[in-house]
Amino acid sequence: MNSFPLSKKYIDFINSVQNVTADFLEGTTSSGKTTVGAGIKFMRMVSASNKKLHVIAAKTTGKAEETIIQQDNGILDIHANAVYYGNGDKDYKLPHIKFESKIIYILGYDNKDKWQNVLGAQFGCVYIDEINTANIEFVREISTRNEYLLATLNPDDPSLPVYKEFVNRSRPYKKYINDVPPEILAELTEEPVPTWRYWFFSFADNLSLSAADIERKKLAAPKGTKLYKNKILGLRGRATGLVFVNFERNRHVKTKDFARQFLTADRHKEKFIIFTAGVDTAYSQKSPDTIAFTFFGITDKGRIIQLDERVCNNAELNTPLAPSDTVRNLIDFLERNRQEWGFAKSVFIDNADEATITECNKYKRNNGCIYSFVPAWKQTKIIDRINLQLNWFATDCYFILSHCTNTIAELELYSWQEDKDNTPEDAHDHCINSSQYAWLPFKNKIRGDENEIHGNSQK
């Protein structure tokens, strides 16, 4: 075995075996997750298990051989008493490792026919490599057939079911909670399994990397790209096909205190001069589509800030919302923001949703109302709206407050269709559409003139 020094965090990870039935390892590229996870802790758990049968699963058996079993510091390198039978043997027809008195099957989760043949058994320990790319049916099946699960993953699209059903139900130890990026920690909120542990590893945890090695890896991915975000920072988000490639949380997401500075009455300071709101609706009970409200302020220097959002999904409600319910919710939303920020006289509603517009105007006739409900102005094509936002992000004049989590998530997921030029997907876009309806009538008031606003952009 080549020298592979272990950080204190990795030592703690290896030794955390009491009351642990699953470990999920996420982080940057080259952080040592596979070497330590599969080669050391997984094999330790196999050795301690009373079960005879265990599993290592990767995309293909060839991938498992290359990156887990036969590489430098792989299982065969670390464990001299482990023997790999790539073509099976007379007793076990599938590829497997014999280790002590145990059998570790090697599976490719890309081949459903093969892994289905194995899943009639109960296993002691299961290792899943890059669980974010695994067939979710396989993950669901095998997760009920083991005593201990260890999975590695590279940051990916956070809307994948593997996050909601598995990874986001694990929790980090308090000792290492500050090592988890805030963006990821905010997503570890699904109903927890008390014995599932989450670990985030970075370059700093791989003591075999020199400073020069780390710098070389960082330079290989251009800063500001999603590749850099995924591989170098270890943050989740689709790596390819994203629409808003220049949206960055640490640059464009702000606190309420940042926005409150523009409520000043001082005529010499930048201040809000327009408030506007947008509404996008979807009433289906069978889809993740949402009813989305957004609220914005625009300053006299051409800066736009999303101040609030409200999102509802009928699929998640026992009593689904109708357009008449949406009106009441919308009025409450507008009133709350009027009291906190200012008066948005005009509210722009998806012009394809005649039912909601009709209910809003009916409410106004019957109850009296200070708001005007206006069909959204969509003459600016979607590709041109996107172009405007990309420019505004690039020039630091478009910001979103941190509690607008649904909008932030959409900006990190909204992608181009693979089979059509310049056409975004019809998904992850309800807050985005609502936002565009809100600012489209005022687009000429928004500008990315750095000379005017750059001095305040990082406050």
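This is a predicted model: local features need pLDDT of at least 70, side-chain atom pairs count only at pLDDT 80 or more; totals for chains, interfaces and linings use all residues.

Visitor: What percentage of the residues in the protein chain is buried?

Guide: A residue is buried under 20% relative accessible area, exposed over 50%, and partly exposed in between (1.4 Å probe, protein chains only). Of the 459 residues in the protein chain, 51% are buried. A contact means heavy atoms within 4.5 Å. Among contacts between residues at least 6 apart in sequence, 68% join residues at least 24 apart.

Visitor: How is empty space found?

Guide: Rolling a probe the size of a water molecule over the atoms shows where empty space is left. On a 1 Å grid over the protein atoms alone, a cavity is a set of points where a 1.4 Å probe fits but cannot get out; a pocket is an open set with protein on both sides within 12 Å along at least five of seven lines; and lining residues have an atom within 4 Å of a point. Grid points are joined across faces, edges and corners, and a volume is the space filled by probe spheres set on the points.

Visitor: Which residues lie closest to the centre of the largest pocket?

Guide: The largest pocket holds about 1200 Å³ of space. Of the 37 residues that line it, P158, S159, N406, A409 and L413 are the closest to its centre. At least two lining residues come from each of α7 (161-165), β12 (304-312), α16 and α17, and α16 gives the most, with 5 residues. For the classes, Ala, Val, Leu, Ile, Met, Phe, Trp, Tyr, Cys and Pro count as nonpolar, Asp, Glu, Lys and Arg as charged, and the others, Gly among them, as polar. The lining of the largest pocket divides into 13 nonpolar, 11 polar and 13 charged residues.

Visitor: What lines the second largest pocket?

Guide: The second largest pocket has about 420 Å³ of space. Its lining has 25 residues, of which S30, S31, G32, K33 and T34 lie nearest its centre. The lining contains 3 nonpolar, 16 polar and 6 charged residues, and α2 supplies the largest share, 3 residues.

Visitor: Is G32 buried or exposed?

Guide: G32 counts as buried because its relative accessibility is 12%. G32 is placed in the loop between β1 (22-27) and α2 (33-48). Leaving aside residues up to four places away in sequence, G32 touches F4, Y10, G37 and N206.

Visitor: Which residues line the largest cavity?

Guide: The count is 1 cavity of 30 Å³ or more, and the volume of the largest cavity is about 30 Å³. Its lining consists of Q306, Q389, Y398, I400, T407, L411, I432 and S435. These residues divide into 4 nonpolar, 4 polar and no charged.

Visitor: Where does L411 lie?

Guide: L411 is in helix α16 and, at 2% relative accessibility, counts as buried. Not counting residues up to four places away in sequence, L411 touches F244, F247, F393, I400 and I432.

Visitor: How are two packed helices described?

Guide: Two packed helices are described by the angle between their axes and the distance between the axes. Axes are lines fitted to C-alpha atoms, for helices over the stretch in contact, and angles run from 0 to 180 degrees between N-to-C directions. The axes of α15 (residues 382-394) and α17 come within 11 Å and cross at roughly 85°. Angles under 35 degrees count as roughly parallel, over 145 as roughly antiparallel, 65 to 115 as roughly perpendicular and the rest as oblique. The helices α15 and α17 are therefore roughly perpendicular to each other.

Visitor: Which residues of α15 and α17 meet?

Guide: From α15, R385, I386, L388, Q389 and W392 meet I432, Q436, Y437 and W439 of α17. The residues of this contact divide into 6 nonpolar, 2 polar and 1 charged.

Visitor: Why is α17 described as largely enclosed by the rest of the structure?

Guide: The reason is that 10 of the 10 residues of α17 are buried. Among them are H430, C431 and I432.

Technical notes:
Residues are numbered from 1 along each chain as its sequence is written. Side-chain values use heavy atoms; hydrogens and water are left out. Helices (H or I, at least four residues) and strands (E, at least two) are DSSP runs, numbered from the N terminus.
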